[in-house]
Amino acid sequence: MNEKFLEALGAALRKETVSWTKVSRTEWQELFQIASKQQVLPLIYEAVCKCLAAKKEPELLKACSNRVMGEVARQVMKTSDFLSLYPRICSEGGCLPLVMKGLICRNLYLTPNTRPSLDEDILISEACFPKVHQVLIQEGMRLMKPEENPDKTYEVSYVKKGTFLYLEVHKHLFAEDSETIGDFNGFFEGVFTRAIQETIQGVPIWTMGYTDHLFYLICHAVKHFLHSGVGVRQVCDIVLFANAHGAEVDWNLVYQNCQKIHAEKLVAAIFKIGKIYFGFDAEKACYPSKWQAIETDEKALLYDMLEGGITGNAEKNRLHSSSITMNAVNAQKKGKRVRHAIFKSIFPALKYMEGKYPYLEKKPYLLPVAWLDRIIQYGKWAYRSPKNHPARSIEIANRRIALMKQYGIIEKN
């Protein structure tokens, strides 16, 4: 069914209909389950609803149609609310808020609102945050996590009661204190001076320049890949962005930056998947021949994407495996053995534990107590369901570490 899913998604990107004549009820259910896991159900439905096979399952397709209409309607409202709010942030926030990912990527699709977004993301300078925060509060937005001090976090999430709008305000693109990806921020110094303006539904929107934005989409995908997995929709975003704006991208700079984060082989696999399934046009995008020449097996990455879901959140064992994979990458950076990662995932450093156990900020000597509590809580989680098991998390982590070695992010022993 994975092949049918990829075929349907490719057709949706071209706004075409698949020509299926026979699909069983079980296969339809599996297809829609995969689409939901990848958060592309409206796109898949649009591509399959008029085929002959769909007409043989009217009740099933009707149920899916109702769900899709709800998702699309919510997205229309979220987009409208954000476009109403954005000019106020610009005029009264005293800054240049750069819109990233969601709205910009949706605008690349032939039917934008069939590409859903959980949230909208803007990047502002840290100095502008107090004014922007005040504007958002005046507009009825509320902190998603009121218990956190918004002045101390690199991104702050807001919601608005009575709407579906969910806004993330970034002071930095990546967590500065992250050993794994904190240094990604250095690639985007001066991003505001390179900003460009687009018009979406009649509203002028400031966003990153094409080179910055493409590399940011890549970095964002790498971040999720290192954590617990990157989804197929992120590949579609990257491919469509490259097709639309590749002629204006400094590909040499993107390639050099990908080399610095050891991701050039992973990105080659992403574009190979894009070429096979999602209409990536290397010539139109001005995709460099040296990148095309990299030999890479895209199948392993594609399998990991399909298994993991939109951000590797398909199962809790996979999410729990992320502490091992992230520690493996950190161990690589420090020149330590990758197996050191399992120990670090069981006994994390004080800085990491402070985020989970705030009392450690004042009483760091209680770190062993926090470690013990963490182990107990993990054991309770595993006990609640036979599907949850530490051994399964370690198995997934080891397989994903092997994948990172295959794509050159972690050096082979």
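What follows is a tour of a predicted model.

The largest nonpolar core has 120 residues. Six of them have the most contacts inside it: Phe5, Trp20, Trp28, Val48, Phe225 and Phe278. Helix α8, residues 210-227, gives the most to this core, with 11 residues.

Leaving aside residues up to four places away in sequence, Val48 touches Ala8, Val18, Trp20, Trp28, Leu31, Phe32 and Ala54. Val48 is also one of the buried residues of helix α3. That helix spans residues 41-48 and is mostly covered, with seven of its eight residues buried. Besides Val48, the buried residues are Leu41, Pro42, Leu43, Ile44, Tyr45 and Ala47. What do they pack against? Their partners are α1 (2-13), α2, α4 and α5.

Now move to a helix pair. Two packed helices are described by the angle between their axes and the distance between the axes. Take helix α9 (residues 232-245) and helix α11 (residues 264-277): their axes come within 10 Å and cross at roughly 80°. An angle from 65 to 115 degrees counts as roughly perpendicular, so α9 is roughly perpendicular to α11. On the α9 side, the contact is made by Val235, Ile238, Val239 and Ala242. On the α11 side, Ile270, Phe271, Ile273 and Gly274 take part. By class, this contact has seven nonpolar residues, one polar residue and no charged ones. Gly counts as polar.

Stay on α9 for one more residue. His245 is found in this helix. Is His245 buried or exposed? Buried means under 20% relative accessible area, so His245, at 13%, counts as buried. Apart from residues up to four places away in sequence, His245 touches Leu108, Glu198 and Tyr210.

Turn next to the charged side chains. How many salt bridges does the structure hold? There are 14. One of them joins Glu57 to Arg25, with the closest N and O atoms 3.0 Å apart. The pair links distant parts of the chain, 32 residues apart. Glu57 sits in the loop between α4 (52-55) and α5 (58-92), while Arg25 belongs to helix α2 (residues 25-37). Glu57 is buried, at 14% relative accessible area. Arg25 is partly exposed, at 38%.

A second salt bridge is formed by the side chains of Glu139 and Arg88, at 2.0 Å from N to O. Glu139 lies in the loop between α7 (129-138) and β3 (141-143), and Arg88 lies in helix α5, so the pair ties together parts that are 51 residues apart in sequence. Glu139 is partly exposed, with a relative accessible area of 24%. Arg88 is also partly exposed, with a value of 21%.

Glu298 is buried, at 6% relative accessible area. Lys299 is exposed, at 57%. The cut-off for exposed is over 50%. Finally, salt bridges that share partners join Asp304, Glu307, Arg399 and Arg400 into one network.

Key: Residues are numbered from 1 along each chain as its sequence is written. This is a predicted model: local features need pLDDT of at least 70, side-chain atom pairs count only at pLDDT 80 or more; totals for chains, interfaces and linings use all residues. Side-chain values use heavy atoms; hydrogens and water are left out. A salt bridge is a side-chain nitrogen of Lys or Arg within 4 Å of a carboxyl oxygen of Asp or Glu. Helices (H or I, at least four residues) and strands (E, at least two) are DSSP runs, numbered from the N terminus. Buried means under 20% relative accessible area, exposed over 50%, partly exposed in between (1.4 Å probe, protein chains only). Contact means heavy atoms within 4.5 Å. Axes are lines fitted to C-alpha atoms, for helices over the stretch in contact, and angles run from 0 to 180 degrees between N-to-C directions. Angles under 35 degrees count as roughly parallel, over 145 as roughly antiparallel, 65 to 115 as roughly perpendicular and the rest as oblique. A nonpolar core is a set of buried Ala, Val, Leu, Ile, Met, Phe, Trp, Tyr and Cys residues joined through side-chain atoms within 4.5 Å.
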